[in-house]
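User: Please take a close look at one helix pair in this model. I would like its geometry and the residues in contact.

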Amino acid sequence: MMTKENLTEIEKYLKSKNLSSVVFAEVYDHFVMQISELMYKHENSFPEAFLQTKVNWQNELKMVKADLFSFKRIAKIEKGLLQGRFKRMMMIASGFSLVFGTIFYFDQHVYLYIQGALIMMHLLFLIYHFVFRKMSLSEYQKMAFHPLLLRNLLLMLLILPLTNIIFSTTKNLWEFPLNHMFVTFSVILQIQLLNFRTKKINVLMV
Amino acid sequence: MYGYQITQRAKELTEGELEMTEGALYPLLHKLEADGIIKAEVQEINGRSRKYYLLTDNGKKQQATQEDEMRSYVFNLKTIFDI
């Protein structure tokens, strides 16, 4: 039978892997079940069973860089889940950007109202997090430099000068729908990040 | 069923032929959950949280469709190899 000390040892090991609470609970239960089975069915001692389980999970729990634009290191299993979430977030933000860019192209006045409403919504959401959800300034700072936002910013810095060169015009940057699409993308991403924060789902905010 | 149980059941049903790695299983389960194919229920077992996965109605429909497709695929393969 596994002792309390054994369980603490498993917990300590998994905590060192910086797993989010949801993944931690699931992996912890899996570890306990796997070790128990090795102990009872195969008559292994706890250290042997624990070692074997760690070896089985070695690849999934290997610490890797969370994202190309992040210095944070997380377990590979967490990265897989995170990247899936990121992909979905980017798809949603891209969809909105495309719609907003099209609206801008056809009617700038309508676009202005919608964009204004979106920014207001973002601001209200931010205030809600600061006031009711105990969001700290450092957390906000982390959100502002979120890998997905940095990716968008980098892309913007690469594409914007190109649009000016390609169209070789004296037009203001404001007049290109593409620029507005980048802004929309960034605002939608931030709203989604805050939404995930409300649901306590890991999106690399802390 | 919960994660560990799924890996064991798969191993048992395929007599050890199919060994699901945990790294492949959990991301897949979470993706299916996000897609609404399965839903999760958390229960406290011996002081630990255990996540049980269940098929949603949509998931059951998908399962039936996929099973039909697979059967037809196996049938066609069998027909080809039996020629």
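Analyst: The crossing of H5(A) and H8(A) is left-handed, that is, the near helix is turned anticlockwise from the far one by less than a right angle (clockwise would be right-handed). This is a predicted model, in which local features need pLDDT of at least 70, side-chain atom pairs count only at pLDDT 80 or more, and totals for chains, interfaces and linings use all residues. Residues are numbered from 1 along each chain as its sequence is written, while chains are lettered from A and ligands numbered from 1 in the order in which they are written.

Helix H5 of chain A covers residues 108-132 and helix H8 of chain A covers residues 177-198; helices are DSSP runs (H or I, at least four residues) numbered from the N terminus. The two pack at an angle of about 30°, with their axes 10 Å apart. Axes here are lines fitted to C-alpha atoms over the stretch in contact, and angles run from 0 to 180 degrees between N-to-C directions. H5(A) is therefore roughly parallel to H8(A), a term for angles under 35 degrees.

From H5(A), Leu118(A), Ile119(A), Met121(A), His122(A), Phe125(A), Leu126(A) and His129(A) meet Val187(A), Gln190(A), Ile191(A), Leu194(A) and Arg197(A) of H8(A). Contact requires C-beta atoms, placed from the backbone, within 7 Å. By class, the residues of this contact are eight nonpolar, three polar and one charged; Ala, Val, Leu, Ile, Met, Phe, Trp, Tyr, Cys and Pro count as nonpolar, Asp, Glu, Lys and Arg as charged, and the others, Gly among them, as polar.

Chain A is also assigned domain 1 (4-61) and domain 2 (83-198), with bounds from an automatic or database domain assignment. The C-alpha centres of these domains of chain A lie 42 Å apart.

Definitions and conventions. Parallel < 35°, antiparallel > 145°, perpendicular 65-115°, else oblique. Contact = placed C-beta atoms within 7 Å.
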